[in-house]
Amino acid sequence: MSAAEEVPREFRRVGEVTAHRLEDDHAWVTSRGDRLNGRAGDWVVESSDGGLRTVQHEEFLALYEPITGDRWRRIGTVMARQVDITLIVSTLEGPATAEPGDWIVTGQDGSNWPVPNEVFRRSYEPI
């Protein structure tokens, strides 16, 4: 079976981030060059490695719990599979590219997002 067809496995989300709500719409570019869009009311999330992304409000509340101030803890579980071919993933913020070795993560609400392997290894633990 190709890794692109690999059966997703369950992972626990780990680590902390800083986050704040958007007051206006916000366009941003991923490390792969994809142009994505956050909307007013969404959250801008920054990982400890400096990676920035937007997360829709409902999804954010399901994936993070407050620590203090702008600090949030990653919570919950997701399903994920590693891919061995380039794929375009339909995310809540727009289409994003997954390259070979990246992971496609699926949240509890069914939303998908690609995560580079090195980031995935720091942010998720197998269950």
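Me: What makes the residues around Tyr-124 its contacts?

Reply: Contact means heavy atoms within 4.5 Å, and, leaving out residues up to four places away in sequence, Tyr-124 touches Phe-11, Arg-12, Arg-13, Val-14, Arg-74, Val-78, Val-105, Trp-113 and Val-115. This is a predicted model, in which local features need pLDDT of at least 70 and side-chain atom pairs count only at pLDDT 80 or more, while totals for chains, interfaces and linings use all residues. Residues are numbered from 1 along each chain as its sequence is written, and side-chain values use heavy atoms, with hydrogens and water left out.

Me: Which residues have the most contacts inside the largest nonpolar core, and why is it called a nonpolar core?

Reply: The term stands for a set of buried Ala, Val, Leu, Ile, Met, Phe, Trp, Tyr and Cys residues joined through side-chain atoms within 4.5 Å, where buried means under 20% relative accessible area, exposed over 50% and partly exposed in between, with a 1.4 Å probe and protein chains only. The largest such core has 18 residues, and those with the most contacts inside it are Val-45, Phe-60, Val-105, Phe-120 and Tyr-124. Among the elements that give two or more residues to this core are strand 5 (43-47), helix 1 (57-63) and strand 12 (103-106); helices (H or I, at least four residues) and strands (E, at least two) are DSSP runs, numbered from the N terminus.

Me: What makes strand 13 and strand 14 edge strands?

Reply: Two strands pair if DSSP finds at least two bridges between them, and the open sheet of 5 strands has the order 13-12-9-1-14, with antiparallel pairing. Strand 13 and strand 14 (124-126) each have a single partner strand, so one side of each is left without a neighbour in the sheet.

Me: How do you know that strand 1 and strand 9 pair?

Reply: Strand 1 (residues 9-13) is joined to strand 9 by 4 bridges, the two running antiparallel, and pairing asks for at least two. Within this pair, Phe-11 has Val-78 as its bridge partner in strand 9.

Me: How do you know that Glu-93 has no salt bridge?

Reply: Lys and Arg count as positive and Asp and Glu as negative, with His and the chain ends not counted, and a salt bridge is a side-chain nitrogen of Lys or Arg within 4 Å of a carboxyl oxygen of Asp or Glu. For Glu-93, which is buried, the nearest side chain of opposite charge, Arg-39, is 6.6 Å away, and no salt bridge is present. Glu-93 lies in the loop between strand 10 (87-91) and strand 11 (94-98).
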